[in-house]
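Me: Hi! Could you walk me through how two chains can sit against each other in a structure?
Reply: Happy to, let's open it up.

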Amino acid sequence: MTRSATTTWRRVEVVLAPVLLGLLALAAWEAAVVVLELRPFVVPSPSAIGAELTGNVGIIATAALSTALNAWWGLVIGVVGALVAAAVSAAVRTLDEMSAPLAAAAAVVPIVALAPVLYTMFGANVQTARVAIAAIVSFVPVYVNTLRGLRTVAPVHRDLLRAYAATRRQATLTVTLPGALPFFFSGLRVATSLAVISALVAEYFGGPVDGLGKAITSAVSSSNYPLAWAYVVGAVVVGLLFFCGSSGLERAVLHRRSGR
Amino acid sequence: MNTPAPTRPTAPSAGPADAPAATGTEAHAAPAVEVRGVTRRFSSRSGEVVALSDVDLTVRAGEFVSLIGPSGCGKSTLLRLIADLDEPTAGELAVFGRPPRVARQNHDFGIAFQQAGLLPWRSVRTNVELPLELHGAGRAARRARATELLEMVGLADFAQHLPHQLSGGMQQRVAIARALAERPSLLLMDEPFGALDEMTREHVQTELLRLRAETGAAVVFVTHSIPEAVYLSDRVVVMSARPGQVREVVPVGLGAARDRSDDVREDDAFFDRVRAVREALHGTDGTTPRGVDRR
Ligand SMILES: Nc1ncnc2c1ncn2[C@@H]1O[C@H](COP(=O)(O)OP(=O)(O)OP(=O)(O)O)[C@@H](O)[C@H]1O
Ligand SMILES: [Mg+2]
């Protein structure tokens, strides 16, 4: 077998192996539900969930879109805000020292716990509170990581730019920003999944009746467990899409600059 | 020190890449480097270190001077002072008759550090182009110059590679090419060949001599290898540690750089100079300094 054929087969294997494992797990799950006669509120069978999923694609997609939009706008606002704040903190050291404890505090506060407060603040019939939560949640990791990246300049690079009398602007563009990029992306990766999770969980605490979180609670309260699980599948899809988006962007940017 | 700054041809950084190399070194009235009574003390919680104590050194324009001495005797510190990356506690320095700060802002020197210090996200080519880019050279000129330099250090085939795809020695060669990018009239090099294998090392040494003969650049070269210092230099400055001082200056004079070929390495004169430097290093007190490679 040629080398390239071998590597192609490897790639197929990489995809195939987890798919196969997943199918096996589903089969085992189905078998367990049937054999052990599990009740749907304990866990419904994959086939029941599948049936609900195909039967309600439209409403599940609508709910998913609503949650995804909240997560998306929260992420955008949070990331832009974090970048601006990191840039300012990097430029003004005292500001950085002042904000460091705040950022650390924000990192440990479970922001979704603020949901009820924010609903009363912004009104329970608009999405603002959910977007705000997703924004605050995604702000923190991006801010912390980017700032660290902006502060991490290798001494030899600093010397190099100084020896060549680079202006502050040149130093920022040629060394500081490119060096901070990988840090930013690792923050973004965390922020992306947190934004989706928090936008969804925020729905449990109130607000308008659209969205996956709301749909899951209402399906459970009307004892339609397979439907609730079908919405969970929708949440998984949204989470995956966000994850793929951010890691795709990361790969595209970090790869392109290394590819040239 | 008070002589008016000579009108030195500015480094042809912004000009086309094929601009003539820095014209005759004789044009410089002022020496390339002048160090007068320089002391550098570092104080830290654990005490005070006198890295350099009352050091005097003059490097004429176009002259090749090596600094050799035990580890920690202040060679890198001296180089950093010349490059205005650090400031002396006492004493004065001048580069082409001007304060190091002015020389730095005029792009009077190229520098290669003990570590290669390449930017990991830039290709080999764009790393070499960096000084030209910072000083506003045009794209075409940069490309042409980088191609020429990579050819010279034997890395033409690696122009598009990233630094991490290169061996340590290859990275060092890229760093050397970068230091030469602007045809500086002064080159500051801190153990640039430390990471090279013996064969590449000899090759790059000969290249450096050729280049220097072409450009007439003055070189301050830090090394731990006595034969390397002798082969390359017009004068070898032997330093001693704690505190860092100039112990002796050994003139070498193995002929003009352009005539010096590999054969010199087997010359009696060469061995004689090697012995002289070694004796200077070991000093009269008979102690053997550590950290000196006596190959
Ligand atoms: N930034 C610094 N802070 C404190 N001490 C320093 C600093 N830089 C250098 N020193 C001290 O100054 C002395 C000289 O250091 P330097 O790096 O110049 O030595 P060197 O001759 O280049 O040694 P080597 O051959 O090992 O590179 C050392 O004792 C070192 O500990
Ligand atoms: Mg050193």
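Reply: One term to begin with: buried area is the accessible area (1.4 Å probe) that two parts lose on being put together, summed over both. This is a predicted model, where local features need pLDDT of at least 70 and side-chain atom pairs count only at pLDDT 80 or more, while totals for chains, interfaces and linings use all residues. Residues are numbered from 1 along each chain as its sequence is written, chains are lettered from A and ligands numbered from 1 in the order in which they are written, and side-chain values use heavy atoms, with hydrogens and water left out.

Me: Thanks! How much area do chain A and chain B bury between them?
Reply: About 2100 Å², and 62% of it is on carbon and sulfur atoms. On the chain A side, L160(A), R162(A) and Y164(A) lose the most area to chain B, together 34% of what that side buries.

Me: And how many residues does each chain bring to the contact?
Reply: Chain A brings 18 residues and chain B brings 29 residues, with contact meaning heavy atoms within 4.5 Å.

Me: How many residue pairs are in polar contact there?
Reply: There are 8 such residue pairs between chain A and chain B, both residues being at pLDDT 80 or more. A polar contact is a pair of N or O atoms within 3.5 Å; within protein, one must be able to donate a hydrogen and the other to accept it, and residues adjacent in sequence count only if both atoms are side-chain atoms.

Me: Which elements of chain A give two or more residues to that side?
Reply: They are α7 (155-163), α8 (168-202) and α10 (225-259) of chain A. Helices (H or I, at least four residues) and strands (E, at least two) are DSSP runs, numbered from the N terminus. α7(A) gives the most to the side touching chain B, with 7 residues.

Me: What about salt bridges, how many cross the interface?
Reply: The rule finds 2 across the interface of chain A and chain B. A salt bridge is a side-chain nitrogen of Lys or Arg within 4 Å of a carboxyl oxygen of Asp or Glu. D84(B) forms one with R162(A), their closest N and O atoms being 3.4 Å apart.

Me: How many are there over all chains?
Reply: The structure holds 21. In chain B, E133(B) and R122(B) meet in one of them at 2.9 Å, N to O. That pair links distant parts of the chain, 11 residues apart: E133(B) is in helix α3 (residues 124-134), and R122(B) is in the loop between β5 (109-112) and α3.

Me: Is R122(B) buried or exposed?
Reply: R122(B) is buried, with a relative accessible area of 12%, whereas E133(B) is partly exposed at 26%. Buried means under 20% relative accessible area, exposed over 50%, and partly exposed in between (1.4 Å probe, protein chains only).

Me: Which residue does E48(B) meet in a salt bridge?
Reply: R41(B), at 4.0 Å, N to O. E48(B) is exposed at 53% relative accessible area, and R41(B) is partly exposed at 34%.

Me: New topic: what feature does UniProt place on chain A?
Reply: An unreviewed UniProt entry places "domain: ABC transmembrane type-1" at residues 60-244 of chain A. UniProt positions are given in the numbering used here, feature names are shortened, and annotations may be inferred rather than shown by experiment. Over residues 60-244, chain A is 83% helix and 0% strand, with the end C-alpha atoms 20 Å apart.
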